[in-house]
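Hi everyone, thanks for making time today.

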Amino acid sequence: MEEITANKEMKINAVDKFLDDLDRYGKSDVKCPFCGTPLKYYEYANGMSYEIRCQTPNCLRSCCRGI
Ligand SMILES: [Zn+2]
């Protein structure tokens, strides 16, 4: 159970940092804390929501709704 919580925290921290960098610099080189590949930002066509994903299937994935 502790491991899951720690992973969740690592994920939240990485995504937070990624979005922060993106906001400030327009880009980010934050890497996935689990597999080490760079995180990528995907915006959906309607512009209403976006997703942050690493490039490994079934690894880090964070879905967010735009404002
Ligand atoms: Zn990953």
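This is a predicted model: local features need pLDDT of at least 70, side-chain atom pairs count only at pLDDT 80 or more; totals for chains, interfaces and linings use all residues.

Let's begin with Asp-21: setting aside neighbours within four places in sequence, this residue is in contact with Lys-27, Ser-28 and Val-30. You will find Asp-21 in helix H1.

From Asp-21, let's hop over to Thr-37. The two are 16 residues apart in sequence and 16 Å apart in space, C-alpha to C-alpha. Thr-37 sits in the loop between H1 and strand S1, which covers 40–43. What does Thr-37 touch, leaving aside neighbours within four places in sequence? The contacts are Lys-31, Cys-32, Cys-54, Gln-55 and Thr-56. Thr-37 is partly exposed, because 14 other C-beta atoms are within 10 Å. And if you look for Thr-5, Thr-37 is 32 residues from it in sequence and 21 Å from it in space, C-alpha to C-alpha.

Now let me step back to the whole chain. The protein has 1 helix and 3 strands, and from the N terminus on the order is α-β-β-β. Along its principal axes, the C-alpha trace spans about 35 × 20 × 20 Å. For 67 residues, a compact globule would have a radius of gyration near 11 Å, and the 12 Å of this protein agrees with that. As for burial, 15% of the 67 residues count as buried. And of the contacts between residues at least 6 apart in sequence, 18% join residues at least 24 apart.

On to the strands. S1 pairs with strand S2, residues 49–53, in the antiparallel sense, over 4 bridges. Within that pairing, Tyr-42 stands opposite Glu-51 in S2. The hairpin of S1 and S2 has 5 residues between the strands, and there Gly-47 takes a positive phi near 70°.

While we are in S2, have a look at Arg-53, which belongs to that strand. Not counting residues up to four places away in sequence, Arg-53 touches Leu-39, Lys-40, Tyr-42, Leu-60 and Arg-61. Between Arg-53 and Tyr-42 there are 7.7 Å in space, C-alpha to C-alpha, and they are 11 residues apart in sequence. Arg-53 counts as partly exposed because it has 18 C-beta neighbours inside 10 Å.

Next comes a backbone detail. Most residues other than glycine have a negative phi. Which residue has a positive phi of about 60° although it is not a glycine? That is Asn-58, placed in the loop between S2 and S3. Asn-58 counts as exposed, because it has 5 C-beta neighbours inside 10 Å.

Now, the inside. In soluble globular proteins, nonpolar side chains tend to be buried together. Which residues make up the largest nonpolar core here? There are 9 in all: Ala-14, Val-15, Phe-18, Val-30, Cys-32, Leu-39, Ile-52, Cys-54 and Leu-60. Helix H1, residues 2–25, gives the largest share of this core, with 3 residues. Val-15 is one of the core residues, and beyond its neighbours within four places in sequence, Val-15 is in contact with Ile-52 and Ser-62.

Last, a word on confidence. The protein averages a pLDDT of 89, and 93% of the residues score at least 70. Which element has the highest mean pLDDT, and which the lowest? H1 has the highest, at 91, and strand S3, residues 61–65, has the lowest, at 81.

Note on methods: Residues are numbered from 1 along each chain as its sequence is written. A nonpolar core is a set of buried Ala, Val, Leu, Ile, Met, Phe, Trp, Tyr and Cys residues joined through C-beta atoms within 7 Å. A residue is buried if 20 or more other C-beta atoms lie within 10 Å of its own, exposed if 12 or fewer, and partly exposed in between; C-beta atoms are placed from the backbone. Helices (H or I, at least four residues) and strands (E, at least two) are DSSP runs, numbered from the N terminus. Two residues are in contact if their C-beta atoms, placed from the backbone, lie within 7 Å. Two strands pair if DSSP finds at least two bridges between them. pLDDT is the predictor's confidence in each residue, from 0 to 100. The radius of gyration is taken over C-alpha atoms; the globule rule is 2.2 Å times the number of residues to the power 0.38.
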